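Here are my notes on the model you sent. Please read them with the structure open.

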Amino acid sequence: MKEITTCPICNSSEKTTFLKSRNFRINEVVFDIEECSKCEFRYTSPLPSVDEIGEYYATDNYVSHTGTKKGLVNKLFHTARFFTLRSKFNLIKRVSNGKKHLDIGAGNGVFLEFVKEKGWDVSGIELDDQSRSAIENRLGINIAKTVYDNQEIEKYDVITMWHVLEHVYDLKKDIETIKQKLKSDGALIVAVPNCDSYDAKKYEKYWAAYDLPIHLYHFRPKNIQDLFAQFDMEVKEIQPMKFDSYYISLVSEKYKNGGKNSLGVLFRGFYNGLISNLKAKSDSYSSQIYIIRKK
Ligand SMILES: [Zn+2]
């Protein structure tokens with residue numbers, strides 16, 4: 001474990017502790033969420049090393065990565081994700097000037113497969129060895145392990161990162177590399193949780209999208225703008241991910257109730273997910289999609 005002493009966005013060492021919470025899925029190790037006094041970015045500290053973090057992913061509860069279907073909450077989540085595929089594809093179709101697509105953090109490859117079936121030229125990057133070979137076998141395409149293994153320069157019309165940026169250790173080095181892969185008129189699509197949302201404020205330390213320690217960063221819209229401005233890129237548009245508020249509220253409600261599911265947990269989780277969407281302004285949804293372009 002390593003203390004993070006400077007802000008990952010502005011490098012300032014001045015900070016206050018915004019929140020103390022813990023891991024809820026594997027163990028009860030406690031982590032801080034620090035808030036930079038200069039740019040207000042919130043980040044996790046201390047952090048396990050790249051080798052140590054693996055144990056926190058090693059669970060079949062982590063549905064968004066493993067694709068398992070256990071329990072009602074996970075089933076709801078998977079159903080929602082299925083309906084989300086179409087809207088994700090409609091988004092990339094709208095913002096892209098061509099059909100060359102790169103999905104970073106391809107996970108189980110479901111989105112890549114969907115896009116490929118629409119006749120697009122797809123590429124993927126996936127760190128997990130098992131997931132990567134599964135996609136390669138199913139889609140018959142090569143998947144790179146990291147952004148550095150993919151050698152393309154100014155090739156892609158659209159690059160997607162669905163709930164990936166909050167996981168990456170070399171934040172700025174990765175963004176610089178990703179930017180080089182994007183055509184000058186290309187679009188980078190970044191989806192991340194928003195800790196300024198109603199459900200984040202409602203659940204505080206139990207908010208499931210803090211997901212300590214595997215979420216290294218806790219973005220708000222201003223942070224995304226600050227970060228990409230350093231690379232001469234700008235946020236052109238923000239879109240909500242309305243299913244996420246339900247899933248995150250359900251899991252948060254479960255954490256708040258000692259990890260147990262009950263009808264009460266399901267009802268309150270669903271209710272708070274609904275309220276979160278109803279109260280949200282254009283940039284305060286539980287999870288948001290940022291459409292980013294080169295200046
Ligand atoms: Zn900062």
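**Notes on the model**

1. Helix 4 passes helix 5 in a right-handed crossing (the near helix is turned clockwise from the far one by less than a right angle; left-handed if anticlockwise). Helices are DSSP runs of H or I, at least four residues, numbered from the N terminus. This is a predicted model: local features need pLDDT of at least 70, side-chain atom pairs count only at pLDDT 80 or more, and totals for chains, interfaces and linings use all residues. Residues are numbered from 1 along each chain as its sequence is written.

2. Helix 4 covers residues 110-117 and helix 5 covers residues 129-139. Their axes come within 11 Å and cross at roughly 20°. Axes are lines fitted to C-alpha atoms over the stretch in contact, and angles run from 0 to 180 degrees between N-to-C directions. Helix 4 is therefore roughly parallel to helix 5 (angles under 35 degrees).

3. Which residues make the contact? Helix 4 supplies L112, E113 and K116; helix 5 supplies I135, R138 and L139. In contact means C-beta atoms, placed from the backbone, within 7 Å.

4. The largest nonpolar core has 64 residues. Such a core is a set of buried Ala, Val, Leu, Ile, Met, Phe, Trp, Tyr and Cys residues joined through C-beta atoms within 7 Å. I159, L188, I189, V190 and A191 touch the most other members. Beyond four places in sequence, I189 is in contact with L91, I92, V158, T160, M161, I289 and I291.

5. E176 sits in helix 6 (residues 171-181).

Conventions. Helices (H or I, at least four residues) and strands (E, at least two) are DSSP runs, numbered from the N terminus. Angles under 35 degrees count as roughly parallel, over 145 as roughly antiparallel, 65 to 115 as roughly perpendicular and the rest as oblique. Two residues are in contact if their C-beta atoms, placed from the backbone, lie within 7 Å. A residue is buried if 20 or more other C-beta atoms lie within 10 Å of its own, exposed if 12 or fewer, and partly exposed in between; C-beta atoms are placed from the backbone.
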